[in-house]
Amino acid sequence: MTNPTDDSKQVAPRKDSTSIVKRTLARRYAAEKRFRFYGATAIAISLLFLVILLGSILVKGLPAFTETQMLIDVTLDAKTLGVEEGASEQELRSANYNALIKKSLREMFPEATKRKQKKELYKLVSTSAEYQVRDSLIANPSQIGQTIKVWVLADDELSALYKTGGLTDIANVTHTRLSEQQITWASSLNEQSRLKKQFNATFFKNGDSREPEQAGIRAALMGSILTLLITFLLSFPIAVATAIYLEEFAPKNRWTDLIEVNINNLAAVPSIVFGLLGLAVFINFFELPRSAPVVGGIVLSLMTLPTIIITSRAALKAVPPSIREAGRGLGASQLQVVTHHVLPLAMPGILTGTIIGLAQALGETAPLLMIGMVAFIVDIPTSVTDAATVLPVQVFLWADSPERAFLEKTSAAILVLLVFLIVMNAAAVFLRKHFERRW
Amino acid sequence: MNTQTTTSGSGTSAASDAFDQLKETVGDVTVTDPKMCARNVDVFYGDNQAIYDVSLDIGNNEVIAMIGPSGCGKSTFLRCLNRMNDSIPSCRVSGDMSLDGEDLYSTSLDPVLLRARVGMVFQKPNPFAKSIYDNVAYGPRIHGLASNRAELDDIVISSLQKAGLHEEVHDRLDAPGTSLSGGQQQRLCIARTIAVSPEVILMDEPCSALDPIATARIEELIDELRQNYAIAIVTHSMQQAARVSQRTAYFHLGKLVEVGSTNNIFTNPQHELTENYITGRFG
Ligand SMILES: Nc1ncnc2c1ncn2[C@@H]1O[C@H](COP(=O)(O)OP(=O)(O)OP(=O)(O)O)[C@@H](O)[C@H]1O
Ligand SMILES: [Mg+2]
């Protein structure tokens, strides 16, 4: 160590400096190498967890995207249906198809004679089978009196067994609520090639249902889309305008400091508090509809606002002041400087903040429980005032259901949620690229 | 550390006495045909005073050079002349400043209009994140100076030509302004300023990033512009001040020490501080 107060200043370079530097060089490179190693390890570990997480969800969820159909021969007997020959479509709609299906099942397995046995037999098809039979009759009403072959949805327990290959090895079946008798029937159906797997369109067409094989994600997905739309439409313009005002126009004084502190605090408020607020203010006071995406959207935008404001302000701050000077020096008004020069440069950052905010909103459940978006929704919401639920709430509801088939639905719903998120992020990346190309 | 300041301080103690005794600017601050006038201007940044009681005229058809050591307030004074300091919250300006007899800081003169009439070229090149063409066309566009595309093209091309940049960029006008070299960027900024046809051009060390050839081109340009504009230029190059300006003002620690014709200042400075500075004796 040289003494800083040493008066004998060395103007000439030290002769040994090269060797000293050389000696420290190895240490510095070693430190760098270690740091790189730590970084790579951290990334590897997080990737590993991501893969495990995604893998387990995929493995559990993918079966939900296929469903099992069963081929049955139905005799469209007018008497059992309870209609006359040449009945109108209206009459055909309200006819008794259940009886037909039961009859055809009994004909397939005449050994089911006792009440209990029959009941078990009927349980092999989904309760929605009657609609499939009805639709094929209405499509061609002249079929009355004939025997037709119809693919109908199988029950979820049978479906689970079939999809996992349990029907080919019936001696070793575990985890099923099917009785031995039912398993025998099912395997005989399988031997007659009366079972098939197909893409589960129902999952994407239907709302929630008590019957797992009929339960779909559509209602929750629409609910999420509508809710996020409201959130985006409310929070993006308000937040960006707030950020621009605070950053570019507002005088820097005690009031704006106070506002800034409060915005930062707001970002840290637990989301359920916003739910309580939404319940008290929007539903009880303003009497907006309960369980509706409009209220969900408002509540979530309250939650999203601080996030977008804070990131937008950071993005605006990062724009070099010389750009503002240049604009002002040419005689641009403050608003022109902001809209022509500052905002385009800050846009990528603002969009990133918006996506982070919306992604948070997309995954939020707690505040939505407070405003009743936890309802059992069968009908697909078509407007923002319809009762709706959202994807994470649907995950929560299904995860809570006792039926085993809901397990795969839960994972499948999570997958849909992730895909939604990826689509949203991709949109943001695309927009960001678009803005960045304009320098 | 302590010993160092004493030793270097003793060399300029005579000069600092001269500075303390400085009450009035040496030389005539007025001109016969003034474009802008500043009288008794004080500028504060918060509690720090950056400019002390400066009075100075900028005449029509003249180039006035402002010289002085770093941190003496040249940029600050220049920025007051088109109210660029408005955007610095801590900055306070007092005294009278006028353009063609109109008070700069009165409410009747809009700062946006003022900046269209008093253009500015900054020390560091700061092109917009837009194409070369749009950089130059921006001013005329927001002020509505061109009624159609052809007129705008004319303005852009002639401004680029005047700034000596046209030849280098004529085949890539839609390339980003930021893709140019530092010197080219500065000329782009000059072209951008001329495109608005201001009456006064303020230049804050416009050539500090330029090579001698580009500098010569800018100096030529300044000479041409003088026919129609009033120009104030801050520079650290004594040679440049001597080459382009008719009058020179020497600033020291926020005070205007001496003003006079460039010739006189450089051959026969009246004040000791001025002499020290231009002979390179200043610490
Ligand atoms: N934005 C600001 N806030 C506070 N003080 C400032 C600000 N800008 C300049 N100053 C102070 O005002 C004084 C004059 O600065 P100015 O930039 O005018 O100097 P200058 O003569 O242009 O120097 P240079 O030749 O280095 O550009 C300096 O002491 C500086 O610290
Ligand atoms: Mg300066």
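Buried means under 20% relative accessible area, exposed means over 50%, and partly exposed lies in between, with a 1.4 Å probe and protein chains only. The views show a predicted model, in which local features need pLDDT of at least 70, side-chain atom pairs count only at pLDDT 80 or more, and totals for chains, interfaces and linings use all residues. Residues are numbered from 1 along each chain as its sequence is written, chains are lettered from A and ligands numbered from 1 in the order in which they are written, and side-chain values use heavy atoms, with hydrogens and water left out.

**View 1. Helix α7 of chain B, a mostly covered helix.** Helices (H or I, at least four residues) and strands (E, at least two) are DSSP runs, numbered from the N terminus. Twelve of the 13 residues of α7(B) are buried, among them B:Gly183, B:Leu188, B:Cys189, B:Ile190 and B:Ile194.

**View 2. A salt bridge between A:Lys163 and A:Glu408.** A salt bridge is a side-chain nitrogen of Lys or Arg within 4 Å of a carboxyl oxygen of Asp or Glu, and a search of the whole structure finds 25 of them over all chains. In this one, the N to O distance is 3.2 Å. A:Lys163 lies in helix α7 (residues 156-163) of chain A and A:Glu408 in helix α18 (residues 405-436) of chain A, so the pair ties together parts that are 245 residues apart in sequence. A:Lys163 is buried, at 16% relative accessible area, and A:Glu408 is buried as well, at 17%.

**View 3. A salt bridge between A:Arg324 and A:Glu248.** The side chains meet at 2.8 Å, N to O. This pair links distant parts of the chain, with A:Arg324 in helix α14 (residues 321-329) of chain A and A:Glu248 in helix α10 (residues 218-249) of chain A, 76 residues apart. A:Arg324 is buried, with a relative accessible area of 11%, and A:Glu248 is likewise buried, at 11%.

**View 4. B:Glu199 and B:Arg117 in a salt-bridge network.** The closest N and O atoms of B:Glu199 and B:Arg117 are 2.9 Å apart. B:Glu199 sits in the loop between α7 and β7 (200-204) of chain B, while B:Arg117 belongs to helix α3 (residues 111-117) of chain B, 82 residues apart. B:Glu199 is partly exposed, at 27% relative accessible area, whereas B:Arg117 counts as buried, at 16%. Through shared partners, salt bridges join B:Lys35, B:Asp100, B:Glu102, B:Arg117 and B:Glu199 into one network.

**View 5. A nonpolar surface patch on chain A.** Patches are made of residues with over 30% relative accessible area and no salt bridge, where like charges are joined within 9 Å and nonpolar side chains (Val, Leu, Ile, Met, Phe, Trp, Tyr) within 5 Å. Accessible areas come from the Shrake-Rupley method with a 1.4 Å probe, and for residues only the protein chains shown count as cover. A:Ile43, A:Leu47, A:Leu50 and A:Leu54 make a patch of about 350 Å². A:Ile43, in helix α1 (residues 17-61) of chain A, counts as exposed at 51% relative accessibility.
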